[in-house]
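Q: I would like a close look at a single part of this model. Please take it piece by piece.

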2 protein chains.
Amino acid sequence: MPSKLEGAMDALITVFHNYSGSEGDKYKLSKGELKELLNAELTDFLMSQKDPMLVEKIMNDLDSNKDNEVDFNEFVVLVAALTVACNDFFQEQQKKRSK
Amino acid sequence: MPSKLEGAMDALITVFHNYSGSEGDKYKLSKGELKELLNAELTDFLMSQKDPMLVEKIMNDLDSNKDNEVDFNEFVVLVAALTVACNDFFQEQQKKRSK
């Protein structure tokens with residue numbers, strides 16, 4: 001039985017490959033696949049951002065090797081950054097409550 | 001209902017705080033807390049490594065600001081690196097199978 005942490009790591013890999021396999025290189029996200037992933041998996045986050053160009057900007061930020069696709073290493077950077085932001089928010093709420 | 005990706009991100013935060021709250025700064029992992037987390041959450045990974053000093057080395061690598069503790073940002077770097085390694089292994093297996 002995988003631990004909670006192993007389950008989370010496995011989920012990151014599974015989610016990525018659920019979308020990367022649709023078109024082109026099956027180990028990379030095209031812009032369309034990234035948009036599909038973000039819309040389905042980070043709906044609330046995307047809707048809270050009013051910027052219609054958000055997916056474009058995320059794509060440009062993530063695509064560090066400029067091959068117009070996002071590989072798993074680049075994807076993990078996005079997930080890590082969003083998780084850190086969520087944790088910062090969580091810790092701020094905790095600290096406010098304990099005052 | 002959170003998505004699979006949101007669930008994984010939430011799990012990373014939850015696991016970290018399950019262990020960081022035991023002693024000292026409740027938002028950071030002491031060496032003892034890190035050891036407990038690794039033993040419980042990454043048992044197979046730890047056992048596959050024969051190096052008794054592994055936790056020490058991971059601690060030194062993660063503790064980028066040298067405060068002898070691991071904060072969430074430093075923890076996410078470990079999880080990202082391990083997840084990328086797992087994905088690389090997964091993709092290699094996939095490519096072998098499709099030959």
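How many residues does H1(B) have, and how far does H1(B) reach from its first C-alpha to its last?

A: This is a predicted model. H1(B) has 17 residues. From the first C-alpha to the last, the helix reaches 24 Å. That is close to the 24 Å expected at 1.5 Å a residue.

Now the burial along this helix. The buried residues of H1(B) include B:Leu5, B:Ala8, B:Met9, B:Ala11 and B:Leu12. Further along, B:Ile13, B:Val15, B:Phe16 and B:His17 are buried. B:Tyr19 and B:Ser20 are buried as well.

Next, the partner chain. In total, 35 residues of chain B are in contact with 35 residues of chain A. Between them the two chains bury about 3200 Å². Carbon and sulfur atoms carry 75% of that area. Within chain B, the most area is lost to chain A by B:Leu5, B:Met9 and B:Tyr27. Together these three make up 21% of what that side buries. Two of those names belong to the helix in question: B:Leu5 and B:Met9 are on the list of buried residues in H1(B).

What about polar links across the interface? Between chain B and chain A, the count of salt bridges is zero. Eight residue pairs are in polar contact, both residues at pLDDT 80 or more.

H1(B), spanning 4–20, is one of the elements that give two or more residues to the side of chain B that touches chain A. The others are helix H2 (31–41), helix H3 (43–48) and helix H5 (72–97) of chain B. H5(B) gives the most, with 16 residues. By class, this side of chain B has 20 nonpolar, nine polar and six charged residues.

Now chain A itself. Its secondary structure comes to five helices and two strands. Along the sequence the pattern reads α-β-α-α-α-β-α. The C-alpha atoms of chain A fill a box of roughly 50 × 40 × 25 Å along the principal axes. Chain A has 99 residues, and 43% of them count as buried. Among contacts in chain A with a separation of 6 or more, 40% join residues 24 or more positions apart.

A:Ser30 lies in the loop between strand S1 (28–29) and helix H2 (31–41) of chain A. A:Ser30 has a relative accessible area of 11%, so it counts as buried. Beyond its neighbours within four places in sequence, A:Ser30 is in contact with A:Glu23, A:Met59 and A:Glu69.

Terms used: Residues numbered from 1 in each chain as written. Chains lettered and ligands numbered in written order. Predicted model: local features only at pLDDT ≥ 70, side-chain atom pairs only at ≥ 80, totals over all residues. Heavy atoms only, no water. Contact = heavy atoms within 4.5 Å. Buried area = accessible area lost by both parts, 1.4 Å probe. Salt bridge = Lys/Arg side-chain N within 4 Å of Asp/Glu carboxyl O. Polar contact = N/O pair within 3.5 Å; in protein donor to acceptor, adjacent residues only side chain to side chain. Helix = DSSP H or I, 4+ residues; strand = E, 2+ residues; numbered from the N terminus. Nonpolar A, V, L, I, M, F, W, Y, C, P; charged D, E, K, R; others polar. Expected span 1.5 Å × (residues − 1). Buried < 20%, exposed > 50% of the residue type's maximum accessible area, 1.4 Å probe, protein only.
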